[in-house]
Amino acid sequence: MQQKYKGEKKRERMISNEKELGRQEATGACPHCGGKVAAVDVERRWKLCFLPLGFVVKRKYVCTKCSRRLVLYS
Ligand SMILES: [Zn+2]
C-alpha cells in the first residue's frame with residue numbers, strides 16, 4: 001500500500017534539541033518533488049529554564065531529495 005504524505009506545518013519552535021537516532025527508507029513519495037521518503041527516528045529533549053524535562057523518541061518523515069519534512073496523510 002502506498003503511503004501519502006503532506007508538508008508539515010511550521011510548529012514546535014520550542015524544541016531545543018533533536019538528535020537523530022537512525023533512519024530507514026519509507027514507502028511512498030514526496031508530494032513536492034516525488035523523491036524518496038526516509039523515516040527518521042529522533043530523540044527530542046525538552047528543557048525549561050535549563051532543567052531537563054526528559055526526552056521522547058519520535059518518528060518523522062523527511063524527503064531525501066528536497067529535505068522537506070513530511071507528515072503521514074491519513
Ligand atoms: Zn521532496
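The talk below takes the terms one at a time and sets each against its definition.

Mentor: Two points come before the terms. Residues are numbered from 1 along each chain as its sequence is written. This is a predicted model, where local features need pLDDT of at least 70, side-chain atom pairs count only at pLDDT 80 or more, and totals for chains, interfaces and linings use all residues.

Trainee: What is the mean pLDDT of the protein?

Mentor: The mean is 85, and 89% of the residues reach 70 or more. pLDDT is the predictor's confidence in each residue, on a scale from 0 to 100.

Trainee: What makes E1 and E5 a pair?

Mentor: Two strands pair if DSSP finds at least two bridges between them. E1 and strand E5 (residues 69–72) have three bridges, so they count as a pair, in the antiparallel sense.

Trainee: How many bridges join E2 to E3, and how many join E3 to E4?

Mentor: E2 and strand E3 (residues 36–48) are joined by 10 bridges and run antiparallel; Arg 23 stands opposite Val 40 in E3. E3 and strand E4 (residues 51–63) are joined by 11, again antiparallel, and Asp 41 has Arg 59 in E4 as its bridge partner.

Trainee: Which residues take a positive phi in the two hairpins?

Mentor: In the hairpin of E2 and E3, with six residues between the strands, Gly 34 has a positive phi near 80 degrees. In the hairpin of E3 and E4, with two residues between the strands, Cys 49 has one near 50 degrees.

Trainee: In what order do the five strands lie in the sheet?

Mentor: The open sheet has the order E1-E5-E4-E3-E2, with antiparallel pairing.

Trainee: Why are E1 and E2 called edge strands?

Mentor: Strand E1 (5–7) and strand E2 (17–29) each pair on one side only.

Trainee: Why is Gly 7 called partly exposed?

Mentor: A residue is buried if 20 or more other C-beta atoms, placed from the backbone, lie within 10 Å of its own, exposed if 12 or fewer, and partly exposed in between. Gly 7 has 14 such neighbours, so it is partly exposed. Gly 7 lies in strand E1. Of the 74 residues of the protein, 9% count as buried.

Trainee: Which residues is Gly 7 in contact with, leaving aside its neighbours within four places in sequence?

Mentor: Pro 31, His 32, Arg 68 and Leu 70. Contact asks for C-beta atoms, placed from the backbone, within 7 Å. Gly 7 and Arg 68 are 61 residues apart in sequence, with their C-alpha atoms 7.3 Å apart.

Trainee: What makes up the largest nonpolar core?

Mentor: Such a core is a set of buried Ala, Val, Leu, Ile, Met, Phe, Trp, Tyr and Cys residues joined through C-beta atoms within 7 Å. The largest has seven residues: Tyr 5, Cys 30, Val 37, Tyr 61, Val 62, Cys 63 and Leu 70. E4 gives the largest share, three residues. Leaving aside neighbours within four places in sequence, Tyr 61 has contacts that include Tyr 5, Val 37 and Leu 70.

Methods. Helix = DSSP H or I, 4+ residues; strand = E, 2+ residues; numbered from the N terminus. Contact = placed C-beta atoms within 7 Å.
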